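The stops below can be followed in order.

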Amino acid sequence: MKVFCGRANPTTGSVEWLEEDENYDYHQEIARSCYADMLHDKDRNVKYYQGIRAAVSRVKERGEKAIVLDIGTGTGLLSMMAVTAGADFCYAIEVFTPMAIAAVQIVEKNGFSDKIKVINKHSTEVTVGPDGDMQCRANILITELFDTELIGEGALPSYEHAHKYLVQEGCEAVPHRARVYAQLVESKRMWSWNKLFPVHVQAEDDEKIVFPSEIENCPGVLSVYDIQLNQVPRSDFTILSDVVTMFSVDFSKQVNSSSTYYTAKLEPIKSGMAQVILSWWDVDMDPSGMIKCTMAPYWVQSTCNDVQWRDHWMQCVYFLPNEEPVLLGEDVYLTAYRDKYSVWYKLQKARNEEDKKDAYVGSPLCSCQAHLLWNRPRFGELNDQNRTNQYIQALMTVLEKDSICLCISDGSLLPLLAQYLGAEQVFTVENSAVSHCLMEKIFKANHVGNKIKIIEKRPELLTASDLEDKKVSVLIGEPFFTTSLLPWHNLYFLYARTAVAAHLTDSVTVLPQSASLYMMVVEFKDLWRIRSPCGTCEGFDVHIMDDMIKNSLNFRESKEAEPHPLWEYPCKSLSDPQEVMTFDFRLTVPQQTLSTDGSVNLLRTGKCHGAVLWMEYHLTSNISVSTGLVQISDEKGNCKWNPHCKQAVYFFSSALEPETLTDLPSAITYAINFNPKTGEIAMSFKPLS
């Protein structure tokens, strides 16, 4: 049997549905799962174990048998902790079939099969009774159903159902309760992920690209922006309020998942522009609150030098619908709204008691289309004036008064820049109706709606009449395409350039004129944990899970790089950056496979966790824009990365084993192949001693 799966196609610039092996879907889910990351989370594991021991003891002290319900058991780790702590029996529920099978094997290998029953169902489908999945209701409820937003994985409906049908009234719960916190901040950097700022084209004339008011007034999209907030320096935001508790959930009692809201009074500690809500949560593993696990960022925790690294639980950035000034000492009211799966915020300045009574407000919906077309990093990229200045400088060197320009990118501002800088005629290709509509509104807001022609076609379908029978003398692109996942997927620009070759003059100028693929060997501070085998966790053997993940990685994923925004994941360079392949956009797509091999010397000692790859676009012979490394900031090799792009990470399996290598390699050999038929890049790496 075959299944259809979506994959980005660099040769067409779109997501295509491909036939894959029937096991592909769940192999991908296992390979990209957070299981290893969670098991490497020592703080999480220790706190859960402490909370479980305490819960079992409280039940035993009442003279009762300890019957445990573990929802979302994963490897069965928490159930094994419960049995070790003295629980009489555990029902371990896991809906994901491959994981449930692994849990059965792990439980058996650790000798707990007689006291743990793994149930491969969604918890809402579990039955209780003599002939049911559970013989009786449980009196201890253990769960790990949380995400960065706390409730995004359906924790509330699962708890609601469990209390109604699966556990006893007044049961013990681990965790016992959770609290969601919020803090009001002003941050130009974070606000740039949500709103578009005017773009200065020529400073001396103060010409600016402006955006329609509907973009400025748009509330954006519902989805939270979850990031490693611990990597955002304090200089990037101004705290306007103390931390407040927005709401809490007691998991030992009946939970209501219905939509609701919570309001907290804030007294700004500093005057400023309220723009962003930073949020996180913590859990008490016991009723007394003595066993606490927190996601608080570094500036909130007293031991900021020892903040637990996690990738499965990060912190939340929420954008207020509009920025508004707040004054030191004035009362403002922050309201958190939630449905079953999401949270959003609104700030109010209450003048009287009536104004404080806020009704439930539905989730924000994008009305401007910009938030539907561009993700948060793309907003940041468009707001990066330094990057824009590089394009302006490059355009000024290639444009003439009689230039006929064609832009091929998704929702790019380059057509506006080209028009402002004096091109005779500008055409731009937009593949989607959404991007066509949005760019049309932006062009009209800048009074050039009749000077830039938008062509809603794929490049290969372009006709001479679309271009008003004119030949293109300057072909431009960022390149940026919304379907691209890995850095080289934006090489679609090369395929599009080839498709429109008949419409170009013989002496056409292409900007960028070329692109280079760069590579560097790095040691990650923490990111390596997401792919590293665990072996044993709190004394329990979980090698079976390690083998399952390795098998799924070998199914395909281990042969591929994966995208990560490395500004969030500190690493140090062990080698110099090395240019490994170049693509000339002045030429058409090559017919033969491009291959390169060689070696890169290691300049610093450290564990070679993997290779990072990125693209650098050469706009002209002396102006380049990097999507990866910005600089190696010190002699230790600490790296600074482009914050608007994801880089490609190829993990070396040999460096991910828990055992320390005795012989550190002196170099890494590589072989890289670009297949022009698929647009994909295959790679392999080997250490040299």
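Against which helices and strands do the buried residues of H14 pack? Before selecting them, note that this is a predicted model, in which local features need pLDDT of at least 70 and side-chain atom pairs count only at pLDDT 80 or more, while totals for chains, interfaces and linings use all residues. Residues are numbered from 1 along each chain as its sequence is written, and side-chain values use heavy atoms, with hydrogens and water left out.

**Helix H14**

Select residues 433-445, which make up helix H14; helices here are DSSP runs of H or I with at least four residues, and strands are runs of E with at least two, both numbered from the N terminus. The buried residues of H14 pack against helices H8 (213-217), H10 (370-373) and H13 (414-420), and against strands S21 (425-429) and S22 (452-455), where contact means heavy atoms within 4.5 Å. Ser 435, His 436, Leu 438, Met 439, Ile 442 and Phe 443 are buried in this helix, buried being under 20% relative accessible area, exposed over 50% and partly exposed in between, with a 1.4 Å probe and protein chains only. Just after H14, His 447 has a positive phi of about 60°.

**Strand S3 and the cores**

Next select strand S3, residues 67-71, where 5 of 5 residues are buried. Ile 67, Leu 69 and Ile 71 point one way from S3, whereas Val 68 and Asp 70 point the other way. S3 runs parallel to strand S4 (residues 89-93), to which 5 bridges join it, and strands count as paired if DSSP finds at least two bridges between them. Across this pairing, Asp 70 stands opposite Ala 92 in S4.

Now centre on Leu 69, which, with Leu 278 and Tyr 345, has the most contacts inside the largest nonpolar core, a set of 114 residues. Such a core consists of buried Ala, Val, Leu, Ile, Met, Phe, Trp, Tyr and Cys residues joined through side-chain atoms within 4.5 Å. Strand S15 (residues 272-284) gives the most to this core, with 7 residues. Apart from it lies another core, of 96 residues, among them Leu 413, Ile 455, Leu 511 and Ala 561.

**An open sheet**

Move on to the open sheet of 3 strands, whose order is S14-S18-S19 with antiparallel pairing. Strands S14 (260-266) and S19 (343-348) stand at the edges with a single partner strand each, so one side of each has no neighbour in the sheet. Strand S18 (residues 332-338) pairs with S19 over 6 bridges, and Arg 338 has Val 343 in S19 as its bridge partner.

**Aromatic pairs**

Finally, display the rings: the whole structure holds 30 aromatic pairs, in which rings of Phe, Tyr and Trp (its six-membered ring) have centres within 6.5 Å, and planes under 30 degrees apart count as stacked, over 60 as edge-to-face and the rest as tilted. Trp 309 and Tyr 569 form an edge-to-face pair, at 6.4 Å centre to centre and 70° between the planes, and these two residues are 260 residues apart in the chain. Trp 309 is buried at 12% relative accessible area, as is Tyr 569 at 6%. For Phe 585 and Tyr 617, the ring centres are 6.4 Å apart and the planes are at 25°, so this pair is stacked.

Notes: The expected span of a helix is 1.5 Å times one less than its number of residues.
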